[in-house]
Amino acid sequence: MRVLEKAPAKINLSLDVLHKRKDGFHEVKMIMTTIDLADRVELVDLPYDEIRIISHNRFVPDDQRNLAYQAAKLLKDRFKIRKGISISITKTIPVAAGLAGGSSDAAATLRGLNRLWNLGLTLDELANLGAEIGSDVSFCVYGGTALATGRGEIIQHITPPPHCWVVLAKPTIGVSTADVYKNLNINSIHHPYVEGMIEALKIGDYDQICNLMGNVLESVTLHMYPEVANIKDQMKRFGADAVLMSGSGPTVFGLVQYESRLPRVYNGLRGFCDQVFAVRMLGERNCLD
Ligand code: ATP
């Protein structure tokens, strides 16, 4: 048997860090939304009890460090499944980019194995399991648009953004999320107005969504990698309506309302960055169907 799952990337329209918790995690408040840039995860039964990862991408581990491997292991252990599985991951989402590529592959593996092994788990149950793998996995199980709180695993679905385009540009550097959090000075944060963003989404106010985009990790990554600031400047110069770094970076995304303006932003960025994408926003809840 063979099952195929789409594993789309996310961007953060808003990312706030409230404080560092006793367990070492940071308490966050983020608005995440799915975009039309996806890896493909193919799951095929193996005749022997093994988890095999195939990715053909030198930045993606093919052993227990892979988040998709961890997802399969978690389900095997929890439900005492003694079957083998081959997980083939076709990467499109840049690695270590702030787009939750690994988390989405893990989420796709959870959804796919739930089907393949007839486990009958609900999305909520899969999201709870996903939280054991990583904070972003819960959101990726559902896709859509959500307010994520706690360490990112408490998901509340909210109104998706109105239709628009997203241009993404990733410089060649990869950023470690742990390093960015280590360099974050919690006392000098300029907090984004997350509730205002939720309201702007609710009434579909595109201009207000653009005005309220904010990410407290941005200044940390910009300080570590000044080239990210340059990409932001260029994206604004080429006509994106609003520009922000996603997650801990280094990917910068820009929103573009009108398709006619898309080629200028996309082609402009291609001169500065080797990985540039122009995709649709895909924040509706049924985006994984
Ligand atoms: P986040 O936004 O959730 O912090 P990210 O988009 O910045 O994540 P990933 O692409 O998930 O980062 O990769 C981070 C690291 O995770 C990589 O350097 C890689 O070693 C490891 N990794 C584990 N599994 C995967 C996977 N399936 N795809 C990509 N990287 C993976």
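What follows goes from a helix pair to the annotated stretches.

This is a predicted model: local features need pLDDT of at least 70, side-chain atom pairs count only at pLDDT 80 or more, and totals for chains, interfaces and linings use all residues. Residues are numbered from 1 along each chain as its sequence is written, and side-chain values use heavy atoms, without hydrogens or water.

Start with helix α2 (residues 101-116) and helix α3 (residues 123-131). Helices here are DSSP runs of H or I, at least four residues, and strands are E runs of at least two, numbered from the N terminus. The axes of α2 and α3 come within 10 Å and cross at roughly 130°. Therefore α2 is oblique to α3. Angles under 35 degrees count as roughly parallel, over 145 as roughly antiparallel, 65 to 115 as roughly perpendicular and the rest as oblique. Axes are lines fitted to C-alpha atoms, for helices over the stretch in contact, and angles run from 0 to 180 degrees between N-to-C directions.

Which residues meet? From α2 come L110, R111 and N114; from α3, L123, L126 and G130. Contact means heavy atoms within 4.5 Å. By class, this contact has three nonpolar, two polar and one charged residues; Leu counts as nonpolar, Arg as charged, and Gly as polar.

Now the record. An unreviewed UniProt entry annotates a "binding site" that includes P94, A96 and S104. A96 sits in the loop between β4 (84-90) and α2. UniProt annotations may be inferred rather than shown by experiment.
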